[in-house]
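Thanks for coming. I will go through a loop residue, a helix pair and the nonpolar cores.

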Amino acid sequence: MKISVIGSGYVGLVTGACFAKLGNDVVLVDIDAERVDMINRGEVPFYEPGLGEILKEGLAQGKIEAITDTISSVKWADVVFICVQTPTTPDGSVDITYVRAATKSVGEGLREREDTGYPVVVVKSSVVPGTTEFLVKPILEDLSGKKAGVEFGLAMNPEFLREGAAVKDFLEPDRIVIGALDEKSRNILSSLYSGFNCPLLHTNLVTVEMIKYASNAFLATKISFINEIANICESVPGLDVLEVARGIGLDHRVNPQFLNAGVGFGGSCLPKDLKALVAFVEDKGNYEPKLLKSVLEVNDFQPLRLVDLAVRVLGSLSGKRVSVLGLSFKPNTSDMREAPSIKIINRLLELEAEVVAYDPVARETARKELGDRITYAETVEECLKGADCCFIVTEWEQFKNLEPSDFKRLMKRPLIFDGRRVFNPEKFIAEKVDCYSVGLNKLSTS
Ligand code: NAD
């Protein structure tokens, strides 16, 4: 099929590159001309394992190209995916400015089409229930002068990929959910996804929008749940949240995923979608989403607990050199949107600590986010050198290989606050390295 993807960020670029890999012809569109040039050179504007290879493959085979002109791509395509960002507004609700603008351009493209085909417009951006039907559809109809379900199709098909594993997640999803306005759109999308080996769930537009938000709300709830259990474990001698989580996760009704206690969830989706859902429900005014609000509250507090612990151990952090290992919101991505590292570093700076941070790939993102308020180390060694304590904030594989001797050799005082349970604390304590771990009652050399 001929596929146009409006918005070439994480979701759009992965969607486009993967559909091209599956034999479709793809035009990626973005308003950012620099990004478009990068993509046409085979460069991925962010860190995502495996994506560069399939993008280059698609470019070499002439299956994919990037442009800035939405209208011409819509005139050409069988299916148009809208993949633009849906950030959070200051009150927590979803900002649909980008969806609105992209939809307008798509509507103009539909108006200029002279063929008798049946292009299907598919919203892939995460949007609150009702958006596709009551915002996207009227804009498309107004600007195109055509009728949805008659002259063009409309559907909503949310994306569940995880950054860091995006290509695999896209090509081997657990399920694909499609909400279509009409039978013809539904059939076209079924045929586009026919090669995928997973359940295909068909429902209506509003339900599919809710499925996306409810999925992320559930995952976020699981994380805040285990973090709360971790916080309880810390106050009871003999308890370790790792063992507790293992015991819970072996129950197939629960499963072990998203039961890793730590410094909280971040990223471009969970916090944003949860806030959007809460704002959406509150705006409706007939129900208070108490559980969802608590999930956010636990998450706001979680990163700061690690700093509080450091203050309890060290007294004051003023003038102390604090090494922060990991800046991205999770490993295998350079994304720092809503990363716990930001909250931790801001708090450390408030307490007048001198922060030196290292991340294998997120250094440039961090510079934009945190500026020159902290020092960026080029290596782990440089980051640890002369530090009074070390915070483990992202569980990069590289950090797991560090030995107690590395901390003893490099730091002024070998003291670790392990926010991601990267190290076996007993091993570190045995080698005289103080290692405080999330979800574990005090265990130290003294
Ligand atoms: P992103 O910010 O990485 O990319 C959005 C892109 O759209 C940008 O390159 C921007 O320049 C472009 N854009 C904005 N307006 C445009 C317009 N009018 N025309 C053409 N291009 C335009 O966003 P993302 O992370 O890919 O997220 C996209 C959507 O997918 C969001 O709704 C998000 O919630 C959802 N989502 C994201 C993920 C994820 O892991 N990032 C996973 C699932 C769903």
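Asp359 sits in the loop between β10 (354–358) and α14 (363–370); helices (H or I, at least four residues) and strands (E, at least two) are DSSP runs, numbered from the N terminus. This is a predicted model, where local features need pLDDT of at least 70 and side-chain atom pairs count only at pLDDT 80 or more, while totals for chains, interfaces and linings use all residues. Residues are numbered from 1 along each chain as its sequence is written, and side-chain values use heavy atoms, with hydrogens and water left out.

Is Asp359 buried or exposed? Its relative accessibility is 1%, so Asp359 counts as buried (under 20% relative accessible area; exposed is over 50%, partly exposed in between; 1.4 Å probe, protein chains only). Leaving aside neighbours within four places in sequence, Asp359 is in contact (heavy atoms within 4.5 Å) with Gly326, Leu327, Ser328, Thr394 and Trp396.

Thr221 is 138 residues from Asp359 in sequence and 27 Å away in space, C-alpha to C-alpha.

Now the cores. A nonpolar core is a set of buried Ala, Val, Leu, Ile, Met, Phe, Trp, Tyr and Cys residues joined through side-chain atoms within 4.5 Å. The largest has 46 residues, and Val106, Val121, Leu140 and Leu274 have the most contacts inside it. Helix α11 (residues 270–284) supplies the largest share of this core, seven residues. Beyond its neighbours within four places in sequence, Leu274 touches Ala217, Ala220, Phe265, Cys269, Leu292, Val295 and Leu296. Another core, of 40 residues, lies apart from that one and includes Ile3, Val26, Phe46 and Tyr118.
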